[in-house]
Amino acid sequence: MTASSDALHIYKLPPHQSQVFMSSTAPKPQFIVAPSHVSHVQATITCCKIHVLQLRIRSGGHDYDGLSYVSDVPFAVLDMFNLRAVSVDTENEWAWVQFGATIGELYYGIAEKSNVHGFPAGACPTVGVGGHFSGGGYGNMMRKYGLSVDHVLDAQIVDANGRILDRESMGEDLFWAIRGGGGASFGVIVARKIRLVPVPETVTVFRVEKTLEQGALDLLHRWQYVADKIHEDLFIRVVILPVNRKDHKTIKAKFVSLFLGNSERLLALMNESFPELGINKNNCIEMSWVESIVYWMDYDKGTSISVLLDRTPQSRKCLKKKSDYVQVPISKTDLEGILNTMMELQRPTLALIPYGGRMGEISESETPFPHRGGNIYKIQYSVAWKEESMEAADHYQNMIRRIYDYMTPYVSKSPRCSYLNYRDVDLGVNQNGNVSYEEASIWGTKYFKNNFDRLVQVKSRVDPDNFFRYEQSIPSVANRNYVIAE
């Protein structure tokens, strides 16, 4: 299919990305393929090889920096949204899910079969399973069960030679690499078999907001000493955002929680570990696990879970995101400086995602995702805007870069780590997908730490000619004289 304006209706980008893609200056693909069978994936790979095109692979379209749908060199897009079947077997406690499904479609498929099974993945249901799993995949049950990739049992992938491989035929090295190492570097992942996890019939959620005038600074400081050490059934995320009042600027901190149990047990835990937040029975809402996903989308209690099937994100803004990891609590004085900087900038927000629990029990090398023990919490920086001009984009992206630079003394070092699924080209890129090991390691070690070397070894073996490449793909050094540390 050619990339004419008539053809773009199948290319269902989220609104914030559509604005970029549809601009007159944005590079357009030579063609877009929306496969409905794995043979279409094989044919697309062959076609791209013949016509010397880079292949961009798109799942849900939440690639924040657009690497799954835009390239500066001639390219084609493989849009996987037609391959989104979800097959759930609750008796054996596993499911097969295709690359193009969204997290919401996966959750809905599980809930249709069981109210005591779930899966540890993200809280945004419009995110595509393909990309989410490829970079690790975290969500509200990460402290209880770890990441999505920690529960992948098998996979189907089409390699650079067009072969369809499963776990047995691809081998354990490649199977390891595609569970957190960015699947688009190694082939086209078509489907994954995942292990379901048990969830209680009743979970409890709460959402509490505090401004600076209501003690937000003290609560944020205290949260750092609680969030990663509290019981693993409890997950408390904090979103920090600047707010303009009529007569002054302030900060709002939103404490949002999922607890795998009833409200009585939650209140006992909070009163013991975090009484400063002042949670009481009126703050607590009991519901099923799948209903909690809808709650985290800011829908009212009682909203049908069918909203999980909507593939269109609610946001209609352009955005930029970055990430960091905090390993030592930030002092109250330094937190105050951070909040003052946010009020000065006005636009960027910070989400603090707690670690601990199961995340601290899994080895850094178990999967390519290395950010395990030793991290108190992760930071997601976000900035969004509605203006479509490049001047506006530069202005707002400079805002997020300023707060990111300000945070340098307070986050992980050597390397300053980042989360792959918050794709950030500011860390460095491969020029046209071709780069040396030394150049790629600048950004690669930030995402993967010491696992980067093993990923390069796997890439060099399974895709020596570097067919699957993009601005932050794992490089192949098969035909180069580089020595990779063992």
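## Charges over rings

K322 lies over the face of Y404, at 4.4 Å from the ring centre. This is a predicted model, and a second contact of this kind is found in it at K144, whose charged end sits over the ring of Y145, 6.0 Å from the centre of that ring.

## Salt bridges

Let us turn to the charged pairs. The model holds 25 salt bridges. One of them joins the side chains of R372 and D150, with 2.8 Å from N to O. This pair links distant parts of the chain, 222 residues apart: R372 is in the loop between β16 (349-354) and β17 (377-385), and D150 is in the loop between α5 (142-145) and β7 (152-158). Both R372 and D150 are buried.

D298 and R207 form another salt bridge, and their closest N and O atoms are 3.0 Å apart. D298 belongs to the loop between α10 (289-296) and β15 (318-326), while R207 is in strand β11 (residues 203-211), so this bridge ties together parts that are 91 residues apart in sequence. How accessible are the two partners? D298 has 58% relative accessibility and so counts as exposed, whereas R207, at 29%, counts as partly exposed.

## A buried bridge and a network

D463 and K459 also form a salt bridge, with 2.7 Å between the closest N and O atoms. D463 is buried, as is K459.

## Aromatic pairs

The aromatic side chains give us 18 pairs to explore. Which arrangement do F369 and Y419 adopt, edge-to-face or stacked? Their ring centres are 5.8 Å apart and their planes are at 80°, so the pair is edge-to-face. F369 and Y419 are both buried.

Y437 and F452, by contrast, form a stacked pair, with 5.8 Å centre to centre and 25° between the planes. Y437 is in helix α13 and F452 in helix α14 (residues 451-462), 15 residues apart. Y437 counts as buried because its relative accessibility is 14%, and F452 counts as buried at 0%. The two also belong to one aromatic cluster, formed by Y437, W443, Y447, F448 and F452.

Terms used:
Residues numbered from 1 in each chain as written. Predicted model: local features only at pLDDT ≥ 70, side-chain atom pairs only at ≥ 80, totals over all residues. Heavy atoms only, no water. Salt bridge = Lys/Arg side-chain N within 4 Å of Asp/Glu carboxyl O. Helix = DSSP H or I, 4+ residues; strand = E, 2+ residues; numbered from the N terminus. Buried < 20%, exposed > 50% of the residue type's maximum accessible area, 1.4 Å probe, protein only. Phe/Tyr/Trp six-rings, centres within 6.5 Å; stacked < 30°, edge-to-face > 60°. Lys NZ or Arg CZ within 6 Å of the ring centre and 35° of its normal.
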